[in-house]
Amino acid sequence: MLNIPIGSELTPVSNAYPTLTTTDEENHVLLPSGEIKTISRAVVDVTNTSRNGYLTYRYNGNLLSSIRKEIDKNYLPNNR
């Protein structure tokens, strides 16, 4: 997931949400309950809203959405 190593902890932006652990190189995470879900599904279930997981969790202090933007910037052609 976003070049984040498997087994890494994702910390929430709010203490109201649990810490998650990455389980693959795609977008699956382990919840404290032991369930494995996509990060988006996990956030929907935890928050009971349609929040974006990439805006709800951080890795090493960086929002996942910011990490994604950096990856896209380096791999996508420039729009000119």
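**View 1. D45 and R41 meet through their side chains in a salt bridge, with 2.8 Å from N to O.** A salt bridge here is a side-chain nitrogen of Lys or Arg within 4 Å of a carboxyl oxygen of Asp or Glu. This is a predicted model, in which local features need pLDDT of at least 70 and side-chain atom pairs count only at pLDDT 80 or more, while totals for chains, interfaces and linings use all residues. Residues are numbered from 1 along each chain as its sequence is written, and side-chain values use heavy atoms, with hydrogens and water left out. D45 and R41 are 4 residues apart in helix α1, so about one helical turn separates them. Helices (H or I, at least four residues) and strands (E, at least two) are DSSP runs, numbered from the N terminus. D45 is partly exposed at 31% relative accessibility, and R41 is partly exposed too, at 44%. Buried means under 20% relative accessible area, exposed means over 50%, and partly exposed lies in between (1.4 Å probe, protein chains only).

**View 2. K37 joins D45 in another salt bridge.** Which residue forms a salt bridge with K37? The partner is D45, and the closest N and O atoms are 2.2 Å apart. Is K37 buried or exposed? With a relative accessible area of 17%, K37 is buried. Stepping back, E35, K37, R41 and D45 are linked in a network of salt bridges. For the whole model, the count comes to 5 salt bridges.

**View 3. In helix α3 (residues 64–75), D72 and R68 sit 4 residues apart, so about one helical turn lies between them.** The two form a salt bridge whose closest N and O atoms are 3.1 Å apart. D72 counts as partly exposed at 25% relative accessibility, and R68 is also partly exposed, with 37%.

**View 4. V44 belongs to helix α1.** Its relative accessible area is 25%, so V44 is partly exposed. Which residues does V44 touch, leaving aside its neighbours within four places in sequence? They are T49 and S50, where contact means heavy atoms within 4.5 Å. For a sense of distance, look across to G7: the C-alpha atoms of V44 and G7 are separated by 21 Å, and the two residues are 37 apart along the chain.

**View 5. N3 and N48 each have a positive phi in a residue other than glycine.** For N3, phi is near 65°; for N48, phi is near 60°. Where is N3 found? N3 lies in the segment before β1 (9–12), and with 67% relative accessibility N3 counts as exposed. N48 has its place in the loop between α1 (39–47) and α2 (53–56). N48 is exposed as well, with a relative accessible area of 68%.

**View 6. The chain as a whole has 3 helices and 6 strands.** The C-alpha trace spans about 45 × 25 × 20 Å along its principal axes. Of the 80 residues, 32% count as buried. Among contacts between residues at least 6 apart in sequence, 37% join residues at least 24 apart.
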